[in-house]
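Good morning, and thank you for coming.

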Amino acid sequence: QVQLVESGGGLVQAGGSLRLSCAASERTARIYAMGWFRQAPGKEREFVASENAFGTYTNYADSVKGRFTISRDNAKNTVYLQMNSLNSEDTAVYYCAADWRSADLVSPDYWGPGTQVTVSS
């Protein structure tokens, strides 16, 4: 059982930056693709970004391309999401996820509890 815990959320002004972190409880997490989803109020959860276990493949939602960067440090069992040029549409709860089968996180095996990101205009 892999436990994921997000951190780094908070309140930021439009145009600002935040870096989210997701720490996995087990070293075995390094063999999972990991990434991020988000859910805004009244909307469905949506894919944001993912990275495969080896760090050789990344995928981004069109809405965050060029602004967000995903990375991972397998020595620390941690994945990061650097978010730049934030706007109000990025306001959401951000969830970390890990998927054994798909580098695009088609059906994650594990989820974190989420961290709130609020962008003020």
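Let me begin with Arg 38, which counts as buried because its relative accessibility is 5%. Throughout, buried means under 20% relative accessible area, exposed means over 50%, and partly exposed lies in between, with a 1.4 Å probe and protein chains only.

Some notes on the source: this is a predicted model, in which local features need pLDDT of at least 70 and side-chain atom pairs count only at pLDDT 80 or more, whereas totals for chains, interfaces and linings use all residues. Residues are numbered from 1 along each chain as its sequence is written, and side-chain values use heavy atoms, with hydrogens and water left out.

What does Arg 38 meet in a salt bridge? Its partner is Asp 90, at 2.9 Å from N to O. The term salt bridge denotes a side-chain nitrogen of Lys or Arg within 4 Å of a carboxyl oxygen of Asp or Glu. Strands here are DSSP runs (E, at least two residues), numbered from the N terminus. Asp 90 likewise counts as buried, because its relative accessibility is 1%.

Asp 90 also forms a salt bridge with Arg 67, at 2.8 Å from N to O. Arg 67 lies in the loop between β6 (58-60) and β7 (68-73), while Asp 90 is in the loop between β8 and β9, so the two parts tied together are 23 residues apart in sequence. Arg 67 is buried, as is Asp 90. Through shared partners, salt bridges join Arg 38, Glu 46, Arg 67 and Asp 90 into one network.

The whole structure holds five salt bridges. One of them pairs Lys 65 with Asp 62, whose closest N and O atoms are 3.2 Å apart. Are these two residues buried or exposed? Both Lys 65 and Asp 62 are exposed.

Cys 22 and Cys 96 form it, with their sulfur atoms 2.0 Å apart. Cys 22 belongs to strand β3 (residues 18-24) and Cys 96 to strand β9 (residues 92-99), so the link ties together parts 74 residues apart in sequence. The link of Cys 22 and Cys 96 is left-handed, with -80° about the S-S bond. Cys 22 and Cys 96 are both buried.

Note on methods. A disulfide is a pair of cysteine sulfur atoms within 2.5 Å. Helices (H or I, at least four residues) and strands (E, at least two) are DSSP runs, numbered from the N terminus.
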